[in-house]
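Please consult the sequence and structure shown here while reading.

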Amino acid sequence: MILLDLGFLVSTCFYTFANCNFKFIEMDKNLQIYNTLTRKKEVFEPLNPPFVGIYVCGPTVYNDVHLGNCRTFISFDLIYRYLLHLGYKVRYVRNITDAGHLEGDRDEGDDKFAKKAKLEQLEPMEIVQKYTLSFREVMSVFNTLPPSIEPTATGHISEQIEMIKEILKNGYAYEKNGTVYFDVEKYNTVFPYGQLTNRKLEELIEGTRELSGQDEKKGRLDFALWIKSKPETLMKWPSPWGWGFPGWHIECSAMSTKYLGEKFDIHGGGMDLQATHHTNEIAQSQACSNTAPAKYWMHTNMLTVNGTRMSKSAGNGFLPRELFTGNHPLLDRGYSPMVVRFFMAQSHYRSTLDFSNEALQAAEKGFFKLMKAGETLEKLSPSTESTVNITELEDNCYKAMNDDFNSPILISNLFEAVRIINSVNDGNEKINKEDLENLKSLFQIFVFDILGLKNEKSGESSNLANDLIDMILNLRLDAKKNKDFATSDKIRNELTAKGVVIKDTKDGFEWELTD
């Protein structure tokens with residue numbers, strides 16, 4: 001069939017990350033993934049092991065990326081990292097939608113790029129460039145790994161046209177006045193159109209409006225594969241049906257087929273894409289090649305704010321930069337990118353994630369506690385015996401991730417690691433050299449390599465601040481030795497007021513920052 005990239009099946013030239021400290025292990029046979037298509041957890045069995053193909057619907061770059069998108073991409077970054085850790089050779093494709101997205105899901109309204117370009121008095125591709133760079137910057141701040149391939153809709157117009165031609169040839173589409181529509185009711189006579197949402201065609205039709213006399217579509221659920229351009233349309237291309245531009249859904253079908261083949265392992269995105277966009281992707285692929293595109297469908301859940309769904313219309317939506325700076329009426333203050341990433345990981349990707357100042361502040365304390373434990377771990381000295389069970393702890397971490405990437409359970413196990421680290425440091429538990437090395441490896445793998453966190457105290461400016469605090473606390477030690485308790489107490493009180501928690505030890509002192 002058309003558009004196949006057969007090299008995917010035989011090539012070992014996958015995108016790798018030399019700078020990541022991944023410890024590859026034998027691929028685990030116990031990994032289970034919740035499949036939206038079958039509505040149950042299934043053992044993960046790749047089509048062509050050790051290769052894994054993942055396609056995730058990326059952003060539409062006409063505006064700043066919102067937090068709902070960020071949650072989806074951070075969730076799939078976790079999934080990507082874990083599959084790499086298990087030893088799979090992963091090709092992760094995440095597209096950029098830079099054309100063809102109208103304001104309405106049913107091929108209605110203005111072109112989002114043209115509307116934004118007019119508003120900002122820029123060319124549409126300037127809008128695309130501006131917000132693509134902004135998106136990548138936000139993803140970098142959240143410490144997500146870049147995808148293996150990041151294709152754009154405008155870079156694959158010919159592939160989309162070829163796929164549309166094939167769908168027309170197979171009888172599942174029709175052309176009207178330069179626009180090509182997908183015939184949903186005809187398709188449904190052969191394939192179940194609503195299989196992804198477990199709904200019958202009649203139910204879906206009941207939820208749509210009647211066609212007007214001016215409507216070119218045959219059926220209420222029909223959608224555009226190719227849209228005829230108007231004289232004022234800025235972004236348009238020649239096609240067998242005249243000048244126009246692709247419908248929103250066809251780009252993902254064409255690009256996933258090109259880079260992953262007609263059938264690949266995982267297709268993901270936000271749950272808001274399930275009913276329309278992903279349902280139409282399945283229909284397009286089956287109409288073109290008689291093959292459903294993905295074996296496993298994965299969807300992230302929605303965001304809420306104080307229990308109410310996050311949306312622009314409700315006035316409770318905020319952008320990543322507003323979350324970082326606290327520059328929003330609903331936020332008491334800002335939160336760092338790693339605190340936000342940690343906060344997101346505390347909820348399973350299929351669960352609703354509720355933003356509140358209280359929840360973010362609790363996550364912040366938990367994040368700093370985890371980072372502090374990692375610093376303490378590096379200072380521990382081994383004993384000749386162990387009173388802790390690191391093997392069981394490691395098994396529990398893998399069990400959590402193998403259970404549909406259950407990051408909240410993983411984090412609860414990592415706080416058991418924190419307890420062990422602090423107990424050994426306080427002399428209440430013992431750990432031998434082998435267990436200590438295994439604990440260090442476990443911490444590196446699950447905290448940094450898989451959860452994708454990093455210690456935000458690192459960096460030149462933070463190191464300078466740390467050195468200054470150490471210097472001040474050493475001056476306090478000298479004051480205590482000289483029985484100058486007034487100075488010693490003053491230093492403690494001043495640092496405590498600045499958020500420095502001091503713990504006196506037999507070797508000197510330890511400290512950590514709070515809010």
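Leu475 belongs to helix H16, which spans residues 460–481; helices (H or I, at least four residues) and strands (E, at least two) are DSSP runs, numbered from the N terminus. Leu475 counts as partly exposed because its relative accessibility is 48%, where buried means under 20% relative accessible area, exposed over 50%, and partly exposed in between (1.4 Å probe, protein chains only). Together with Leu468 and Met471, Leu475 forms a nonpolar patch on the surface, and the accessible area of the three together is about 280 Å².

Patches are made of residues with over 30% relative accessible area and no salt bridge, with like charges joined within 9 Å and nonpolar side chains (Val, Leu, Ile, Met, Phe, Trp, Tyr) within 5 Å. A salt bridge is a side-chain nitrogen of Lys or Arg within 4 Å of a carboxyl oxygen of Asp or Glu. Accessible areas come from the Shrake-Rupley method with a 1.4 Å probe, and for residues only the protein chains shown count as cover.

## Basis of the model

The model is predicted: local features need pLDDT of at least 70, side-chain atom pairs count only at pLDDT 80 or more, and totals for chains, interfaces and linings use all residues. Residues are numbered from 1 along each chain as its sequence is written, and side-chain values use heavy atoms, with hydrogens and water left out.

## The largest pocket

The largest pocket holds about 1200 Å³ of space. It is lined by 44 residues, and those closest to its centre are Tyr62, His66, Gly68, Asn69 and Asp272. Helices H2 (67–85), H4 (124–141) and H9 (274–289) each contribute at least two residues to this lining, with the largest share, five residues, coming from H2. By class, the lining of the largest pocket comprises 18 nonpolar, 19 polar and seven charged residues. Here Ala, Val, Leu, Ile, Met, Phe, Trp, Tyr, Cys and Pro count as nonpolar, Asp, Glu, Lys and Arg as charged, and the others, Gly among them, as polar.

On a 1 Å grid over the protein atoms alone, a pocket is an open set of points with protein on both sides within 12 Å along at least five of seven lines, whereas a cavity is a set where a 1.4 Å probe fits but cannot get out; lining residues have an atom within 4 Å of a point. Grid points are joined across faces, edges and corners, and a volume is the space filled by probe spheres set on the points.

## Cavities

The whole structure contains three cavities of 30 Å³ or more, and the largest cavity has a volume of about 110 Å³. Of the 13 residues that line the largest cavity, Ile74, Ser75, Leu78, Met344 and Ala345 lie nearest its centre. Two or more lining residues come from each of H2 and helix H11 (337–345), and H2 gives the largest share, four residues. The lining of the largest cavity has seven nonpolar, four polar and two charged residues.

## Backbone features

The peptide bond from Pro49 to Pro50 is cis, with omega near 5°. Pro50 is placed in the loop between strand E2 (40–43) and strand E3 (51–56).

Phe405 is not a glycine, yet has a positive phi of about 55°. This residue lies in the loop between helix H13 (390–402) and helix H14 (407–425), and Phe405 counts as buried because its relative accessibility is 1%.
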